[in-house]
Amino acid sequence: MKTNVTEIFGSLVFDDRCMKAKLPKDIYKKYKATIIEGKTLDPECANTIATAMKDWAIENGATHYTHWFQPMTGITAEKHDAFISPSGDGSIIMEFSGKELIKGEPDASSFPNGGLRATFEARGYTGWDPTSYAFIKEGILCIPSVFMSYTGEALDKKTPLLKSQEVLNVQALRILKLFGKTDVKRVNTTVGPEQEYFLIEKSLWDKRKDLIYTGRTLYGARPPKTQELDDHYFGVLKPKVAKFMRELNDELWKLGILAKTQHNEVAPAQHELAPIFTITNIATDHNQLTMEIMKKVALRNNLVCLLHEKPFAGINGSGKHNNWSLATDTGENLLEPGDTPSENAQFLLVLAALVKAVDDYQDLLRISVASAGNDHRLGANEAPPAIISIFTGSELEEIINAIIEDRPCEKACENKMVIGVDALPPFPKDTTDRNRTSPFAFTGNKFEFRMLGSQLSISCPNIMINTIVADTLAMFADRLEKAEDFTSELHDLIKETFTDHQRIIFNGNGYDEAWVTEAEKRGLYNFRTTPEALPHYMDEKNVTLFTKHNIYSKHEMQSRIDILLEEYSKAINIEAETMVNMSKKNIIPSTLAYIKDLSESIATKKSISADMEYGVEDALIKKLSRLASDLYRKTEALAEDIIKAGGIDDLIENATYYCQSVLVKMVDLRAIADEIEQNCSKEYWPFPSYGDLLYSV
Ligand code: ADP
Ligand code: MG
């Protein structure tokens with residue numbers, strides 16, 4: 001048994017050092033060329049890699065392989081095949097060919113496809129993504145893969161992500177060339193996603209149908225104490241939580257996942273894990289694995305890991321901060337301000353690109369995080385508002401303003417700022433990250449997109465960021481490549497861009513009501529709900545953007561938005577059905593049983609003596625009877641509304657109805673149930689309370 005972290009790390013990954021050791025030199029070289037230059041693998045090379053991969057997997061206890069992919073469900077999918085092959089004499093040999101490595105053909109009819117494929121042509125295929133290493137999970141060799149329809153349309157979240165990375169690479173290289181950096185061969189986007197989650201006792205989870213069916217509590221009165229004392233954040237880990245984190249780290253490290261930071265979060269029972277950043281598609285694979293393994297390790301410890309964005313009302317929900325930057329293969333971070341005028345000019349240009357891209361495509365960023373669950377968080381004073389803006393920090397804002405106003409920068413010098421000539425005044429990096437209310441914050445050498453919900457695949461937000469930044473860099477490159485005087489054109493371009501898009505920069509308090517009014521004055525979007533946001537995906541400018549860069553066809557876009565709309569309506573439908581079920585099967589019967597016992601108590605007292613005091617029972621019976629009637633009426637109203645929603649075919653209308661009618665009735669019903677819970681004996685209440693759940697571990 002290996003116990004040392006450096007030995008454990010990556011021990012279940014067929015990574016670079018593994019390939020270097022196991023592959024013939026020329027094959028290894030060809031493999032590297034595939035990754036760096038995007039060349040296709042020849043069959044001989046694929047066969048050799050497949051055999052080496054299989055031998056390594058078997059040595060490490062694997063019996064099966066699978067193309068591991070990320071369909072539109074937002075989670076991962078796998079179908080296992082054993083390596084066995086009959087050898088003719090009754091025995092078997094363990095086989096795995098290059099063809100099997102490169103391509104799989106799962107029946108794809110039961111994955112969401114938004115009308116891209118009819119069932120009769122249900123063949124889909126999976127293709128190896130050689131940029132993400134194969135790994136072993138529970139005895140299965142997992143080959144990270146893309147997933148497509150037979151006609152080549154993307155059915156997954158990985159294909160467009162890889163395409164967006166490629167587009168950004170091409171455009172960023174054009175920009176770097178203008179700055180004389182011809183030695184750079186590749187620009188990658190890097191991501192470090194911070195993951196929040198809750199841990200609760202499995203035995204209590206078992207008793208909550210809402211958690212089982214929907215991942216969040218649909219009922220639950222506020223307990224006497226929640227997060228008001230700020231005593232959980234960074235608090236000492238409870239032994240069970242510490243054990244969970246230790247085991248989780250072990251599993252993640254074996255898979256080469258750079259799990260680094262762990263701590264208690266703001267809400268009781270809430271925690272966070274942050275990895276060290278890596279290339280975006282690998283970070284995406286790793287985050288999917290992290291979420292899966294969190295759930296498994298929790299179960300092993302009789303705990304349940306909740307990844308829902310808002311498992312409990314009245315306390316913080318869980319998000320995922322997507323830290324994003326650009327890195328060259330020569331080790332340069334393009335969002336790192338430099339020391340020389342030229343480095344700073346390059347930094348300011350990339351910054352300007354981000355500012356323009358985020359302003360022009362606020363809608364896409366909002367859409368990329370839109371879901372039924374996340375609607376409960378955004379704008380709820382615990383997560384950024386639904387309005388997109390950029391936080392730069394005051395030092396950087398002063399530099400931007402000085403550029404816009406053609407004046408000296410306060411801290412720098414007497415001369416006005418001329419880009420490409422002047423060095424930037426130094427600005428302390430650690431003061432740039434104090435504003436936690438901003439959805440898109442510059443944090444010294446990266447941007448932190450903070451609107452993601454905790455269970456979201458980070459794929460979509462990064463497809464959006466990569467593509468909108470690539471598009472902007474392309475425009476910049478077009479203009480600068482034609483410039484007669486590069487430095488002055490660069491200066492004008494940056495000044496113009498900051499001037500035109502200044503409205504997106506906001507360094508104030510994003511939780512403040514005044515910001516909503518101010519943002520409206522600035523003409524910024526504020527899509528409060530998913531059904532408001534999603535239809536904008538098909539706005540002409542967005543279709544033009546994605547088709548121009550060949551990320552999606554219009555058809556693929558339509559199918560994706562249809563899937564998201566349906567997913568939204570289905571999520572709320574399941575929640576509403578669960579509420580009706582819990583009300584009728586548990587809450588109403590329990591309340592009536594309590595009322596009956598209280599009534600019997602009065603009868604008993606009366607039989608003992610005519611002047612016995614029974615005021616308490618009487619008051620409770622009256623109160624609970626009134627609430628129970630109300631509860632019954634509201635349950636029926638919700639049940640009827642579910643049927644009504646089911647009759648609306650148009651996807652947008654349907655989602656809007658769920659949002660504006662069904663959700664409202666759910667809130668009404670819950671308010672009554674929570675009041676009953678507060679007045680009901682613990683013995684009769686049919687579910688573990690918020691107090692039980694939040695302080696269980
Ligand atoms: P916090 O936001 O809580 O202050 P940190 O500043 O420690 O947290 O970093 C958060 C995340 O940002 C980590 O996952 C880290 O790896 C990631 N990160 C740091 N630098 C980069 C970068 N250049 N690109 C992408 N992510 C990065
Ligand atoms: Mg953060």
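Visitor: Into which domains is the chain divided?
Guide: Happy to start there, with bounds that come from an automatic or database domain assignment. The model is a predicted one, where local features need pLDDT of at least 70, side-chain atom pairs count only at pLDDT 80 or more, and totals for chains, interfaces and linings use all residues. Residues are numbered from 1 along each chain as its sequence is written, while chains are lettered from A and ligands numbered from 1 in the order in which they are written. The division is domain 1 (5-155), domain 2 (157-186 + 338-527), domain 3 (193-219 + 226-327) and domain 4 (567-694).

Visitor: What distance separates the centres of domain 2 and domain 4?
Guide: The C-alpha trace of the chain spans about 105 × 85 × 50 Å along its principal axes. Taken over C-alpha atoms, the separation of the centres of domain 2 and domain 4 is 48 Å.

Visitor: What radius of gyration does the chain have?
Guide: The radius is taken over C-alpha atoms, and the globule rule is 2.2 Å times the number of residues to the power 0.38. For 697 residues a compact globule would come near 26 Å, and the chain agrees with that, having 28 Å.

Visitor: How many helices and strands does the chain have?
Guide: Both are DSSP runs numbered from the N terminus: helices are H or I with at least four residues, strands are E with at least two. The count comes to 22 helices and 18 strands.

Visitor: What share of the contacts in the chain with a separation of 6 or more joins residues 24 or more positions apart?
Guide: Two residues are in contact if their C-beta atoms, placed from the backbone, lie within 7 Å. Among contacts with a separation of 6 or more, the share from residues 24 or more positions apart is 75%.

Visitor: Which residues come nearest to ligand 1?
Guide: A residue is near a molecule if its C-beta atom, placed from the backbone, lies within 6 Å of it. Domain 2 and domain 3 each give at least three residues to the shell around ligand 1, and β10 (187-201), β12 (270-275) and β15 (319-328) each supply at least two. Of the 17 residues around the ligand, those that come nearest are Thr190, Gly192, Phe277, Asn323 and Ser325.

Visitor: How many residues of that shell are nonpolar, polar and charged?
Guide: Ala, Val, Leu, Ile, Met, Phe, Trp, Tyr, Cys and Pro count as nonpolar, Asp, Glu, Lys and Arg as charged, and the others, Gly among them, as polar. The shell around ligand 1 divides into 6 nonpolar, 7 polar and 4 charged.

Visitor: Is cysteine 659 buried or exposed?
Guide: Cysteine 659 is found in helix α21. Leaving aside neighbours within four places in sequence, cysteine 659 is in contact with Thr529 and Pro531. Because 20 other C-beta atoms lie within 10 Å, cysteine 659 is buried.

Visitor: How far apart in space are aspartate 674 and arginine 222?
Guide: Aspartate 674 is found in helix α21 (residues 651-679) and is partly exposed, with 16 other C-beta atoms within 10 Å. Leaving aside neighbours within four places in sequence, aspartate 674 is in contact with Tyr219, Gly220 and Ala221. Aspartate 674 and arginine 222 are 452 residues apart in sequence, yet their C-alpha to C-alpha distance is 8.1 Å.

Visitor: What is the phi of aspartate 230?
Guide: Aspartate 230 has its place in the loop between α8 (209-214) and α9 (239-254). Aspartate 230 is exposed, with 9 other C-beta atoms within 10 Å. Although aspartate 230 is not a glycine, its phi is positive, at about 55°.

Note on methods
A residue is buried if 20 or more other C-beta atoms lie within 10 Å of its own, exposed if 12 or fewer, and partly exposed in between; C-beta atoms are placed from the backbone.
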